[in-house]
Amino acid sequence: MSNFICRENFLPFCLPDISQQELDEIADAIRSGWWAKGPRTIAFEKAFAEYVGAKYAVAMNSCTAALHVALLAGGVGPGDEVITTPYTFCASANTILHVGATPVFVDVDPDSACIDVDALEAAITPKTKAIVPIHFAGMACDLDRIYALAEKHGLFVSEDAAHAVETRYNGQLIGHCVQGAASFSFYATKNLATGEGGMLVTEDEAIAQRARVLCSHGMSANAWNRYGKGGSWRYDVEEPGFKYNMFDIQAALGLVQLQRMPAMQAHRMQIVARYDQAFSRMPELVLQSNPAYSGHSKHLYVARLRPDALTIDRDRFITELAERNIGTSVHFIPVHLMRAYRQRFGYTEGDFPHTEAFFAQEVSLPLYSGLSLVDAQYVIDAVQDIVDTYRA
Ligand SMILES: *Cc1c(COP(=O)(O)O)cnc(C)c1O
């Protein structure tokens, strides 16, 4: 008989980590009267570029915007093919369609769910123009191999670094001296959160310059300051762009969150250490593999249910956790199985077996820097209780 005791209140899958500092900085930003893009956004760009070790950083209102602009700045357009994986959030593929190019999906590595570089190489054609690798859950893709292929075939690399704040490749943060572009997300659930928000980083001045122009309607670069001291009312529109820029109330959050990142990440890692210790002892669970080159940011805690080890499937496992008052998520519903992609490209079940198998077994457990160690232990106990109850 189980002696598990269910908690009374719901433990959410994710919550932003809010301190008095964020509240104070937002209040200051609001009182300053500068609400749109201004000094705080510029300061956040500078601080983020310094933090990852990038020459240029362009702040946007989402990672999706950054991914879109990165492809445009990388010269990707109609007729081009862009290789990516279907095991991602739809934005990675949608933005390829937005520039008029064709997403070419390749399957993932079955143990890490990051792009299978052999499959990537096999998918390169004369029409291939770019690669969008996803650092899934915070694991680094094999960038040396990816950039070697890119160089050999003259391809642009736009890293989807939505999960990769604090991810390292061979010891260097993602975005450090990036050879193409890397786009980070500051969505409310991400490791560094501004509610909505994103950042494109690059070493290439032309890409940074084009990104700046494109994310402000195509207006010439310093138009954001046209109402400020020293600014001018005169601006030009260099090309029809987008309204994609970050604004100062977001950047206020970003500046504080970036300062708090080491402490937030340290707490996240404490939870991960406890999870790893407990879950690696449960043969019913399979944890995400992580190659030696990858310093994992632990954006997501990805567990899979070993087939045939339990009498319940993943969906029921999630229901059992919900009945124990624990929120979870699934990353990801494969993009090729979404209606828009099925209808347009004729994709169907079985097209990407590793992606689909990972999806069928995956559950993302609560992991965030505001999660207490007591709550983390509760998650461990609940998983143990379910595994004990439904062991095959
Ligand atoms: C969150 C996410 C995005 C999109 O980020 P936004 O900032 O919400 O636009 C893109 N790719 C992946 C893999 C994500 O998880």
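Visitor: Where does Gln288 lie?

Guide: This is a predicted model. In it, Gln288 lies in the loop between strand S10 (285–287) and strand S11 (294–295).

Visitor: Why does Gln288 count as buried?

Guide: Its relative accessibility is 13%. Buried means under 20%. Gln288 is therefore buried.

Visitor: What makes the link between Gln288 and the side chain of His296 a polar contact?

Guide: The two side chains are 2.8 Å apart at this contact. The cut-off is within 3.5 Å, for a pair of N or O atoms. The pair therefore qualifies. The side chain of Gln288 also reaches the backbone oxygen of Ser112, at 2.8 Å.

Visitor: Why is Asp308 called exposed?

Guide: Asp308 has a relative accessible area of 73%. Exposed means over 50%, so Asp308 is exposed. Asp308 is found in the loop between strand S12 (301–305) and H9.

Visitor: What is the phi of Asp308?

Guide: Asp308 has a positive phi of about 75°, although it is not a glycine. Most residues other than glycine have a negative phi.

Visitor: Ala137 also has a positive phi. Is Ala137 buried or exposed?

Guide: Ala137 has a phi of about 70° and is not a glycine. Its relative accessibility is 0%. The limit for buried is under 20%, so Ala137 is buried. Ala137 is found in the loop between strand S4 (128–132) and helix H6 (143–153).

Visitor: Why is Ala382 called buried?

Guide: Its relative accessible area is 0%. That value falls under 20%, so Ala382 is buried. Ala382 is found in helix H12 (residues 373–389).

Visitor: What makes the peptide bond from His331 to Phe332 cis?

Guide: Its omega is near 0°. Most peptide bonds are trans. Phe332 has its place in the loop between helix H9 (314–323) and helix H10 (339–345).

Visitor: Now the ligand. Which residues are closest to the ligand?

Guide: Thr64, Asp160, His163, Ser185 and Lys190 are the closest of the 14 residues that surround it. By class, the shell has five nonpolar, seven polar and two charged residues.

Technical notes. Residues numbered from 1 in each chain as written. Predicted model: local features only at pLDDT ≥ 70, side-chain atom pairs only at ≥ 80, totals over all residues. Heavy atoms only, no water. Near = heavy atom within 4 Å. Nonpolar A, V, L, I, M, F, W, Y, C, P; charged D, E, K, R; others polar. Helix = DSSP H or I, 4+ residues; strand = E, 2+ residues; numbered from the N terminus. Buried < 20%, exposed > 50% of the residue type's maximum accessible area, 1.4 Å probe, protein only. Polar contact = N/O pair within 3.5 Å; in protein donor to acceptor, adjacent residues only side chain to side chain.
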